[in-house]
Amino acid sequence: MTTPKPTRHLLGISGGKDSAALAIYMRDKVPEMEYFFADTGAELPETLKFVDLMEDYLGKEIVRINAGRDFDFYMKLHNNYLPSAQQRWCTINLKLKPFEDFAGNDEVIQYVGIRADEPERAGYLSSKPTITTRLPFREDGLAKEDIINILNESGLGMPKYYEWRSRSGCYFCFFQRKIEWIGLLEHHPKLFEAAKKYEKFDEKTGKRFTWSERESLDEIEARKDEIKAKFTLTPNKEKKKKTLMQAVLENDDDDEYDGCLICML
Ligand code: SF4
């Protein structure tokens, strides 16, 4: 009689604060934890650096997994249509499928960093019957403040891109707000230019394919000062400078849109 394979415990590091804090939180609770990072090939340099730092901190390999094909391959497969919140083929092909391949047919418990203070989110979690999902922060009642404390107490702190962007994920992610596109322009002008190249104008139909709704990156760039000026207004319209990092910590912008669980937690 063959002995059944033991259940695997998997935790995906996205490069975001919540999955990082979860990895720290679970490190001693589940010593057999396997960590992985699904690299889309379009990650921010800050994210890659943060994953390296996490690996040192955890003292265990974070397995880099990928789809074997890049974003451009899947874009061609989708008739050159950019992904969007409604057509999230990028998440499925570059994040979800590589994770399911990594899990294989093993019995798996997947640990996800959804916090107790977040609304219910369907997200893009695997529906494979061999994969069970656990949400330790929610089970233990941990909210954003606790997550920030875990990161600060570990010495890792917040990933560096939080100075100008509120989530991890691809540099061209369509979930970015306009101020974050400006952040990309200012911190990684070459990546901003690279993102522009994906946008298209179909002369026959007059249709535009842009990352950001109703506005091309050229147009966003032209409105740079206006966008920045708007962002420095606090919600009560007082003229007070506020960095994106402060906004994240103040909890007024983080859950305003439905980012993807795999890419950005
Ligand atoms: S980060 Fe954004 S662009 Fe990248 S795979 Fe996730 S949803 Fe798609």
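Axes here are lines fitted to C-alpha atoms, for helices over the stretch in contact, and angles run from 0 to 180 degrees between N-to-C directions. The model is predicted, so local features need pLDDT of at least 70 and side-chain atom pairs count only at pLDDT 80 or more, while totals for chains, interfaces and linings use all residues. Residues are numbered from 1 along each chain as its sequence is written, and side-chain values use heavy atoms, with hydrogens and water left out.

**View A. The whole chain.** There are 12 helices and seven strands in the chain; helices (H or I, at least four residues) and strands (E, at least two) are DSSP runs, numbered from the N terminus. Of its 265 residues, 50% count as buried, where buried is under 20% relative accessible area, exposed is over 50%, and partly exposed is in between (1.4 Å probe, protein chains only). Take the contacts (heavy atoms within 4.5 Å) with a separation of 6 or more: 68% of them join residues 24 or more positions apart.

**View B. Helix 1 against helix 6.** Helix 1 (residues 17-26) packs on helix 6 (residues 144-154) at about 65 degrees, and their axes are 9 Å apart. That makes the pair roughly perpendicular, a label for angles of 65 to 115 degrees (under 35 is roughly parallel, over 145 roughly antiparallel, the rest oblique). On the helix 1 side, the contact is made by Lys 17, Asp 18, Ala 20, Ala 21, Ile 24 and Tyr 25; helix 6 brings Lys 144, Ile 147, Ile 150, Leu 151 and Ser 154. Sorted by type, these residues are seven nonpolar, one polar and three charged. For that count, Ala, Val, Leu, Ile, Met, Phe, Trp, Tyr, Cys and Pro are nonpolar, Asp, Glu, Lys and Arg are charged, and the others, Gly among them, are polar.

**View C. Trp 211 and the largest nonpolar core.** A nonpolar core is a set of buried Ala, Val, Leu, Ile, Met, Phe, Trp, Tyr and Cys residues joined through side-chain atoms within 4.5 Å. The largest one has 59 residues, and Leu 11, Met 54, Phe 71, Phe 172, Trp 181 and Trp 211 touch the most other members. Helix 1 is the top contributor to this core, with seven residues. Leaving aside neighbours within four places in sequence, Trp 211 has contacts including Phe 71, Phe 172, Trp 181 and Leu 217.

**View D. Arg 64 on strand 3.** Arg 64 sits in strand 3 (residues 62-65) and is partly exposed, at 34% relative accessible area. Not counting residues up to four places away in sequence, Arg 64 touches Phe 37, Val 51, Asp 52 and Glu 55.
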